[in-house]
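Subject: Structure handover

Hello,

Here is the structure we talked about handing over. Please open it first, then read the notes below it.

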Amino acid sequence: MTALAARRRSPLASVVLVLLGLIVTGVAYAALAPGRAGAAETPEQQIAAGHALFLANCATCHGIDATGRGDAPSLVGVGAASVDFQVGTGRMPLERTAPQAPQAGVHFTPEEIAALSAYVASLGPGPGIPSADAVDPAKGDASRGAAIFRTNCAMCHNFAGKGGALTRGKYAPNLDGTTPTHIYEAMVTGPQSMPVFSDQTITPQDKRDIIAYLKTTEEQPSPGGFSLGFVGPVNEGLVAFVVGVASLIGCAVWLGSKSS
Amino acid sequence: MSANTPVPQHDSPGREVLSADRGTALPVRFENPGLVPHRHRMADVDPKAAKRAERQVATLFAISALGTLLTLVAYFSIKFDTPMSFMEHMARTRLSTTLLGIGLTMALFGLGAGAVHWAKTLMPDEERVEDRHLQRGSDADRRDAVGILKEGAAESGLGRRPLIRNSLIGALALVPLPALAFLRDTGPMPGNNLSTTMWKAGLKLLSDPQGAPVKAADLRLGSVVHIVPEGLNEVPDYLEEKAKSAVLVIRLDPALLDPVSVPGSYEGIVAYSKICTHMGCPVALYEQQTHHLLCPCHQSTFDVTQNCKVIFGPAKRNLPQLPITVDADGYLVAKSGFHEAVGPSFWERG
């Protein structure tokens with residue numbers, strides 16, 4: 001018997017054969033299967049693609065015509081900004097029922113989110129997705145944004161945007177890591193418990209200043225060293241007592257004790 | 001003295017012990033327990049332990065010296081004399097502060113810890129007894145003290161010179177008067193400050209902090225605007241006035257409004273005082289979907305669709321509504337002032 005014939009009879013031969021089959025099939029599929037639709041599509045194609053995605057993913061709760069069913073609100077007139085925010089941050093499709101829709105994993109590609117936004121925008125006029133210029137933190141005045149944030153937003157989101165509690169399990173989330181576009185869209189659409197801050201009451205320039213403030217706070221090193229979560233005096237008091245006073249008590253005990 | 005009277009006896013200088021007759025339940029005397037038996041430290045007994053203690057003390061002093069060195073190096077090497085960005089400056093400040101702090105802590109704590117450890121382990125630690133002397137002075141001292149006081153009184157001549165005495169009493173009586181006069185600075189009396197705000201008919205509602213007037217048409221369903229009255233910046237007691245007249249404007253579906261609040265509303269837009277009726281915190285956490293206003297301090301919750309009735313929490317009264325309407329240009333203006341005092345309860349509120 002030749003060496004090859006002997007190896008064919010080895011117990012590992014079947015495993016190798018299966019692996020080979022899988023690899024060949026996978027490579028052939030990847031090479032030969034049709035790719036995704038390109039980004040260069042007409043608006044009508046985008047809306048149609050969005051409609052298809054909507055029917056597959058959203059219609060069960062929001063209704064086939066998006067006019068709402070039960071707890072799911074009507075999407076007519078919410079605008080592209082709402083969809084870009086809700087789907088782009090992973091709040092929609094709703095992962096689980098809870099006091100408020102949690103921010104979960106994003107299930108769609110940016111092209112799909114754009115298609116969904118275009119479809120919902122076509123249902124009725126509503127807030128649009130802001131331009132990159134409108135949300136550029138470098139163009140905003142962080143200190144003016146801080147004043148506006150402090151009056152309008154800090155009572156729910158904390159003075160540094162670290163989040164806060166509302167009633168019965170609802171909460172205002174931590175704003176760290178949220179993109180400037182999503183921050184703008186949240187302000188303009190008022191998702192869930194958040195009120196609406198339309199462009200006439202907080203102007204686009206005001207919104208850009210708020211974004212500049214939030215990004216500055218997020219990026220700059222905390223001047224005092226440990227930020228302790230930016231919660232303020234409670235944490236600082238805790239550290240002062242647990243670390244500071246405990247050390248002082250330890251020192252006092254050591255001073256008064258007899259040496260061995 | 002009968003045989004049953006307790007007789008003071010001196011046990012040791014300064015200590016008296018009352019002894020009763022034998023045959024009663026009390027013991028005759030309490031034995032002086034004396035000192036705790038002396039416990040020798042390792043450094044007293046074992047010369048190697050003493051050497052080890054010495055090395056430990058020296059190490060602590062060495063840490064202190066290192067700390068001083070670290071402080072000096074950090075101070076002179078982290079420089080701020082070149083122009084740099086705000087972020088870079090802040091990062092460098094943090095580094096400098098951290099290193100200076102650590103260095104100084106090592107320097108000072110090392111010295112202290114070394115000294116304490118030296119005293120505890122190596123310095124003599126035998127107990128010594130110091131007798132406590134009587135608190136009461138000797139009779140001779142007491143007589144001398146009284147004599148000095150009497151002599152001083154006589155020498156002052158107050159008794160012989162009534163003019164001095166009387167003018168002194170007169171001057172002393174007048175001295176407290178400025179203190180009483182300064183009590184005026186605790187005023188002025190509030191008058192009706194607690195019951196009224198600067199809101200009156202025709203005042204525009206301006207957004208806080210931008211100060212822009214608000215058009216009714218600019219508010220979408222679910223909009224919230226923080227409001228201060230027109231002319232707030234010109235009043236002399238600007239902060240006190242803002243603390244009373246802050247208002248929150250909310251737009252709701254008019255069908256949801258309580259009929260009581262409808263006359264003071266405009267097409268679903270309502271304005272309520274932002275000052276909590278419990279302890280005065282700003283109630284501004286508006287939950288759009290439930291129409292609840294939450295106060296962050298003690299969690300009083302007000303339902304905007306029931307004229308801001310309290311539905312949870314320690315507050316007991318609704319938030320006062322500011323009646324609003326629009327002027328000819330469509331800007332929101334107050335229809336009148338508040339119909340009741342804003343904020344927490346106070347005695348004269350009734």
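Predicted model: local features only at pLDDT ≥ 70, side-chain atom pairs only at ≥ 80, totals over all residues.

What does Leu205(B) touch, leaving out residues up to four places away in sequence? Its contacts are Val214(B), Ile227(B), Val247(B), Val249(B), Ala271(B), Ile324(B), Leu332(B), Val333(B) and Ala334(B).

**The sheet in chain B**

Look next at strand 5 (residues 247–251) of chain B. It is joined to strand 6 of chain B by 5 bridges, and the two run antiparallel. Which residue of strand 6 stands opposite Arg251(B)? It is Ile269(B).

**Two helices in chain A**

Helix 3 (residues 43–57) and helix 6 (residues 110–123) of chain A have axes that come within 7 Å. They cross at roughly 95 degrees. An angle of 65 to 115 degrees counts as roughly perpendicular, so that is how helix 3 and helix 6 of chain A stand to each other.

The contact is made as follows:

- From helix 3 of chain A: Pro43(A), Gln46(A), Ile47(A), Ala49(A), Gly50(A), His51(A), Leu53(A) and Phe54(A).
- From helix 6 of chain A: Glu112(A), Ala114(A), Ala115(A), Leu116(A), Ala118(A), Tyr119(A) and Ser122(A).

By type, the residues of this contact are 10 nonpolar, 4 polar and 1 charged.

**Where the chains meet**

How many residues of each chain are in contact with the other? Chain A has 26 and chain B has 36. On the chain A side, helix 7 (142–152) and helix 8 (154–157) each supply at least two residues. Helix 7 of chain A gives the most, with 4 residues. The chain A side divides into 11 nonpolar, 13 polar and 2 charged residues.

Best wishes

Key: Residues numbered from 1 in each chain as written. Chains lettered and ligands numbered in written order. Contact = placed C-beta atoms within 7 Å. Nonpolar A, V, L, I, M, F, W, Y, C, P; charged D, E, K, R; others polar. Axes fitted to C-alpha atoms, helices over the stretch in contact; angles between N-to-C directions. Parallel < 35°, antiparallel > 145°, perpendicular 65-115°, else oblique. Pairing = 2+ DSSP bridges.
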